[in-house]
Amino acid sequence: MQRTDPEVGGLEELESLKGLLDHRVRLAICILLAEHDAMSFSRLKQVLEETDGSLGTHLRKLEDGGYLAIEKSFRDRRPVTWYELTEPGRSKLRNHVSNLARLIDRVG
Amino acid sequence: MTDAKLLKDDLAYVRAAAERSGPDHVPAIYFLWASLCLCGFTLIDLVGAGSKWIGIYWLVAGPVGTGLTWWMSVRAGRRTGQADRRKGKRWVNHFLAFFAAGLLGCGLAATGELSWSGLSSLWILLLALTYFLAGLHLERHLLPVAGALATGYVITLFLPEYRFATAGVLVALALAVQGLRGTGNRHATN
């Protein structure tokens, strides 16, 4: 996300918002997984209205960043991949959301 | 696009996604409890409020209904690809609190402070409160059922005959209607 607005530019919170959760799809994935204990790839795809490729890329980035844990199972002989938020992921999300809230408070 | 506008759009996207991932609606659970309430409430008029059969019925129907509800919820969660274990525990705690309050209420009838018929009405009132709180915190479809239960409670106080059966029909209808509402808003994804 490119931020150029002088209204919000230069704020400390803005800097702290840079990182993996800077992208709205990755932020939405983490928020969904904070609310629900686990979600399958198909369910995330349905809720986020993303393509397989795009969602897969975002999930891989979050997994590599230590935000997500993966569990594979089978349903009707078809593989199902389940995603859960890790404890470090949950704490980073909490930080990100509180910085976001502070930023919104300051901008109004 | 400015940063503020981008941020707003991002938050709107996250919010829309969160709304689409709303609670799992399992109509079968509503129909199950509609049948259990209809039979249980009607039983009070049939065998009398002080009969041991009412206690036996709920001691069997309560745990069986809870077990079936749990099983259907887990199954629906696997089908849709969304597991809500913490929410499941909140549901259980909600209804455990109702059951505990109801059991403590039995002390009123056992010590003669309240008639057995009054105790049955009290259970319906407690159930109305439980459904109201569950409607506020867990599943808004339960709010009209709470209203039906509260009306049912009033009916049990003033209707001269078949009052519990009438309340049972009302509550069963409310549960069935809420079960039918919202069907088809989720589909299997795995």
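## Basis of the model

Because the model is predicted, local features need pLDDT of at least 70 and side-chain atom pairs count only at pLDDT 80 or more, while totals for chains, interfaces and linings use all residues. Residues are numbered from 1 along each chain as its sequence is written, chains are lettered from A and ligands numbered from 1 in the order in which they are written, and side-chain values use heavy atoms, with hydrogens and water left out.

## The two chains

Chain A has 5 helices and 3 strands, where helices (H or I, at least four residues) and strands (E, at least two) are DSSP runs numbered from the N terminus. Along the sequence of chain A the pattern is α-α-β-α-α-β-β-α. Of its 108 residues, 44% count as buried; buried means under 20% relative accessible area, exposed over 50%, and partly exposed in between, with a 1.4 Å probe and protein chains only. Contacts require heavy atoms within 4.5 Å. Among contacts in chain A between residues at least 6 apart in sequence, 55% join residues at least 24 apart. Chain A exposes about 5900 Å², of which carbon and sulfur atoms supply 47%; such areas come from the Shrake-Rupley method with a 1.4 Å probe, and for residues only the protein chains shown count as cover.

Chain B has 7 helices and 1 strand, in the order α-α-α-β-α-α-α-α from the N terminus on. The C-alpha trace of chain B spans about 70 × 35 × 25 Å along its principal axes. Of the 190 residues of chain B, 42% count as buried. In chain B, residues 24 or more positions apart account for 69% of the contacts with a separation of 6 or more.

An open sheet of 4 strands has the order β2(A)-β3(A)-β1(A)-β1(B), with antiparallel pairing. Two strands pair if DSSP finds at least two bridges between them. The edge strands, each pairing on one side only, are β2 of chain A and β1 (82–83) of chain B.

Within chain A, 8 bridges join the antiparallel strands β2(A) and β3(A). Their hairpin has 2 residues between the strands, and Asp76(A) takes a positive phi near 50 degrees there. β1 (residues 38–40) of chain A pairs with β3(A) in the antiparallel sense over 2 bridges. Trp82(A) in β3(A) is the bridge partner of Ser40(A), and Glu71(A) also stands opposite Trp82(A). Between the chains, β1(A) and β1(B) are antiparallel and joined by 2 bridges; in β1(B), Ala83(B) is the bridge partner of Ala38(A).

## Helix α4 of chain A

Helix α4 (residues 52–64) of chain A has 13 residues, which at 1.5 Å a residue should span 18 Å; its end C-alpha atoms are 18 Å apart, in agreement. The expected span is 1.5 Å times one less than the number of residues. Leu55(A), Gly56(A), His58(A), Leu59(A) and Leu62(A) are buried in α4(A). Seen down the helix axis, the buried residues fall within an arc of 165 degrees, so they line one face of α4(A); the arc is that of the directions from the helix axis to the C-beta atoms.

These buried residues pack against α2 (24–35), α3 (41–48), β2 (68–75) and β3 (78–85) of chain A. Gly66(A), with a positive phi near 80 degrees, follows α4(A).

## Aromatic residues of chain B

The whole structure holds 6 aromatic pairs over all chains. Rings of Phe, Tyr and Trp (its six-membered ring) pair if their centres lie within 6.5 Å; planes under 30 degrees apart count as stacked, over 60 as edge-to-face and the rest as tilted. Tyr57(B) and Trp58(B) form an edge-to-face pair, 5.1 Å centre to centre with 85 degrees between the planes. Trp58(B) is partly exposed, at 24% relative accessibility. Ring pairs link Phe41(B), Tyr57(B) and Trp58(B) into a cluster.

The rings of Phe95(B) and Tyr131(B) have centres 5.6 Å apart and planes at 80 degrees, so this pair is edge-to-face. The pair links distant parts of the chain, as Phe95(B) is in helix α4 (residues 85–110) and Tyr131(B) in helix α5 (residues 116–137) of chain B, 36 residues apart. Phe95(B) is partly exposed, with a relative accessible area of 25%, whereas Tyr131(B) is buried at 7%. Trp91(B) lies in helix α4 of chain B and is partly exposed at 27% relative accessibility. Leaving aside neighbours within four places in sequence, Trp91(B) is in contact with Ala134(B), Leu138(B), Glu139(B) and Leu142(B).
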